Amino acid sequence: MKKIAIVTDDNSGITPEEAKQLGIYIIKMPVLIDGTEYYEYDNLTSEQFYKFLEEDRDVKTSQPSPGNVMNLWENLLKDYDEIVHIPMSSGLSESCNTAKSLAENFDGNVFVVDNHRISVTLKRSVLDAINLRNKGYDGAAIKETLESTKGDSSIYIMVDTLKYLKKGGRVTPAGAALGATFHIKPILQIQGGKLDAKAKVIGVKKAKLKLVEFAKEDLIKRFKYLTNKGKYEIEIAYTYDKSLAEDLIKLLQEQIPDLPEIASVIPLSLSVATHIGPGAMAVAISKIIH
């Protein structure tokens, strides 16, 4: 049986401690603040990051250095036969396509997975990859299996303010001003790897109810084939304020009969939070590959 290394990036929300426990490897995504490069869990804390946002500093994200990625792969291949690299969706970052190009230099020993995931659904893919590896799958088979289920996840996100989407060019200045005036809370969705607008509601309370409504609708319709077999999980993510996630869980438990135990409740990575700001919350549904 081949010895397989599993690599992902920190958009998965997997902490360095969790990565060590799982036996996987993490690529750190840089956050640029006033032109200086920072890394979560290295030289940037959550408190510092949100203070920078509050101060309206110039906060951006960037791809990991190709040199750092290649150095990690080269070192891993001294001890492993193959690498399965699971980055965030190609629809949300060029880092996936960059990794695919870099992998061409590794004689078919690096398999880059593009299964359209980010955050908690990306973490689910990592756990699936571990399960498949433990069953004896090689790198090619793990990649094929993960990519064959790339449509089997949903994320719905409430954004507290349009300010950061405006900075990223995802909403017009006029749209951002309208949102601020009328307390509009946009709800976004990630399905098929891209970020799209799903709804706009007024106020956080209505936004929470909408998130639950969309999740419930998916479980009844889109993922009915999974719910009948118990092969799915629900994950919650948030930025800065964990109480939002706790409120969302209570609503889900009230509104959805036979709700399974919430699999993950994690803060969104700081590289993701750069684009949506504090006060965001999300509910995700993912297929579990047994």
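Legend 1. A cavity is a set of points on a 1 Å grid over the protein atoms alone where a 1.4 Å probe fits but cannot get out, and lining residues have an atom within 4 Å of a point. Volume is the space filled by probe spheres set on the points, which are joined across faces, edges and corners. The views show a predicted model, in which local features need pLDDT of at least 70, side-chain atom pairs count only at pLDDT 80 or more, and totals for chains, interfaces and linings use all residues. Residues are numbered from 1 along each chain as its sequence is written, and side-chain values use heavy atoms, with hydrogens and water left out.

A search of the whole structure gives two cavities of 30 Å³ or more. The volume of the largest cavity is about 80 Å³. Its lining consists of 13 residues, and those nearest the centre are P64, V69, H85, S95 and A99. Two or more lining residues come from each of α3 (66–76) and α4 (95–103); helices (H or I, at least four residues) and strands (E, at least two) are DSSP runs, numbered from the N terminus. With four residues, α4 supplies the largest share of this lining. Sorted by class, the lining of the largest cavity holds eight nonpolar, four polar and one charged residue. Here Ala, Val, Leu, Ile, Met, Phe, Trp, Tyr, Cys and Pro are nonpolar, Asp, Glu, Lys and Arg charged, and the others, Gly among them, polar.

**Legend 2. The second largest cavity.** The second largest cavity holds about 50 Å³ of space. Residues D10, G13, I14, E40, Y41, P267, L268 and S269 line the second largest cavity. Four of the residues in this lining are nonpolar, two are polar and two are charged.

**Legend 3. The largest pocket.** A pocket is an open set of points with protein on both sides within 12 Å along at least five of seven lines. The most comes from α12, which contributes four residues.

**Legend 4. Strand β13 and its two partners.** Strand β13 is largely enclosed by the rest of the structure, because six of its seven residues are buried. Buried means under 20% relative accessible area, exposed over 50% and partly exposed in between, with a 1.4 Å probe and protein chains only. Strands pair if DSSP finds at least two bridges between them. The pairing of β8 with β13 is antiparallel and spans six bridges. In β13, the residue opposite S154 is I285. The pairing of β11 with β13 is also antiparallel, over seven bridges. I285 in β13 stands opposite I234 as well.

**Legend 5. Strand β6 and its two partners.** Strand β6 covers residues 82–86, and five of its five residues are buried. In a regular strand, side chains alternate between the two faces of the sheet. On one side of β6 lie E82, V84 and I86, on the other I83 and H85, and all of these are buried. H85 is also among the residues nearest the centre of the largest cavity. Strand β1 (residues 4–9) is paired with β6 in the parallel sense over five bridges. The residue T8 stands opposite I86 in β6. Strand β7 (residues 110–112) is likewise paired with β6 in the parallel sense, over three bridges. V84 has F111 as its bridge partner in β7. From β6 the chain passes through α4 to β7, a right-handed β-α-β crossover. Right-handed means that, with the strands pointing away from the viewer, the path from the first strand over the helix to the second runs clockwise.

**Legend 6. Aromatic pairs.** Rings of Phe, Tyr and Trp (its six-membered ring) pair if their centres lie within 6.5 Å; planes under 30 degrees apart are stacked, over 60 edge-to-face and the rest tilted. This rule gives six aromatic pairs. W73 and F106 form an edge-to-face pair, because their ring centres are 5.3 Å apart and their planes stand at 85°. W73 lies in helix α3 and F106 in the loop between α4 and β7, 33 residues apart, and the pair thus links distant parts of the chain. W73 counts as buried at 0% relative accessibility, and F106 is buried with a relative accessible area of 7%. One aromatic cluster is made up of F49, Y50 and Y240.
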